[in-house]
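Colleague: Please show me the chain, and let us then work through the model by question and answer.

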Amino acid sequence: NRVERQAALAAGAAYVDTVPWFCAATCSPIVERYAVYANRKHVAVGYTRFLEPALTEALALHTPSG
């Protein structure tokens, strides 16, 4: 993560450490009621939707209010 963070910052990009979203004291395959992984290399769709508000907040993205 340190190298990724340095590369992003050097490029002027935002960096969000997502490790805490997947691993707390242990790396659980289930968070809340969501399966975290679809397979060994992919995050499950339901979990990505669950994380959307956290990622939006971390990147300070806001949708225009209608």
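Colleague: In which element is the place of Ala8, and is Ala8 buried or exposed?
Modeller: This is a predicted model, in which local features need pLDDT of at least 70, side-chain atom pairs count only at pLDDT 80 or more, and totals for chains, interfaces and linings use all residues. Residues are numbered from 1 along each chain as its sequence is written, and side-chain values use heavy atoms, with hydrogens and water left out. Ala8 lies in helix 1 (residues 2-10), where helices are DSSP runs of H or I with at least four residues and strands are runs of E with at least two, numbered from the N terminus. Its relative accessibility is 14%, so Ala8 counts as buried (buried is under 20% relative accessible area, exposed over 50%, partly exposed in between, with a 1.4 Å probe and protein chains only).

Colleague: Which residues does Ala8 touch, not counting residues up to four places away in sequence?
Modeller: A contact means heavy atoms within 4.5 Å. With residues up to four places away in sequence left out, the residues touched by Ala8 are Ala13, Ala14 and Tyr15.

Colleague: How many Å separate the C-alpha atoms of Ala8 and Tyr34?
Modeller: Ala8 and Tyr34 are 26 residues apart in sequence. From C-alpha to C-alpha, the separation in space is 29 Å.

Colleague: What is the relative accessible area of Gln6, and how many Å separate the C-alpha atoms of Gln6 and Val16?
Modeller: Gln6 is also found in helix 1. Gln6 is partly exposed, its relative accessible area being 45%. Gln6 and Val16 are 10 residues apart along the chain, and their C-alpha atoms are separated by 12 Å.

Colleague: In what order do the elements of the chain run from the N terminus on?
Modeller: The secondary structure comes to three helices and two strands. From the N terminus on, their order is α-α-β-β-α.

Colleague: Why is the chain more spread out than a compact globule?
Modeller: The comparison uses the radius of gyration over C-alpha atoms, with a globule rule of 2.2 Å times the number of residues to the power 0.38. For 66 residues that rule gives 11 Å, and the chain is well over this value, so it is more spread out than a compact globule, with a radius of gyration of 14 Å.

Colleague: What share of the 66 residues in the chain is buried?
Modeller: The C-alpha trace spans about 40 × 35 × 20 Å along its principal axes. Among contacts between residues at least 6 apart in sequence, 24% join residues at least 24 apart. The buried share of the 66 residues is 11%.

Colleague: How many aromatic pairs are there, and which type is the pair of Phe22 and Tyr47?
Modeller: Rings of Phe, Tyr and Trp (its six-membered ring) pair if their centres lie within 6.5 Å; planes under 30 degrees apart count as stacked, over 60 as edge-to-face and the rest as tilted. By this rule the count is four aromatic pairs. Phe22 and Tyr47 lie 5.5 Å apart, centre to centre, with 70° between the planes, and their pair is edge-to-face.

Colleague: Which helices does the pair of Phe22 and Tyr47 link, and are both residues buried or exposed?
Modeller: The pair links distant parts of the chain, 25 residues apart, with Phe22 in helix 2 (residues 19-22) and Tyr47 in helix 3 (residues 45-58). Both Phe22 and Tyr47 are buried.

Colleague: Why is the pair of Tyr34 and Phe50 tilted?
Modeller: The ring centres of Tyr34 and Phe50 are 4.9 Å apart and the planes stand at 35°, so the pair is tilted. This pair links Tyr34 in strand 2 (residues 34-35) with Phe50 in helix 3, 16 residues apart. Phe50 has a relative accessible area of 32% and is partly exposed. The cluster linked by ring pairs consists of Phe22, Tyr34, Tyr37, Tyr47 and Phe50.

Colleague: Where is Glu32 found, and what is its phi?
Modeller: Glu32 is found in the loop between strand 1 (30-31) and strand 2. With a relative accessible area of 64%, Glu32 is exposed. Its phi is positive, in a residue other than glycine, and is near 55°.
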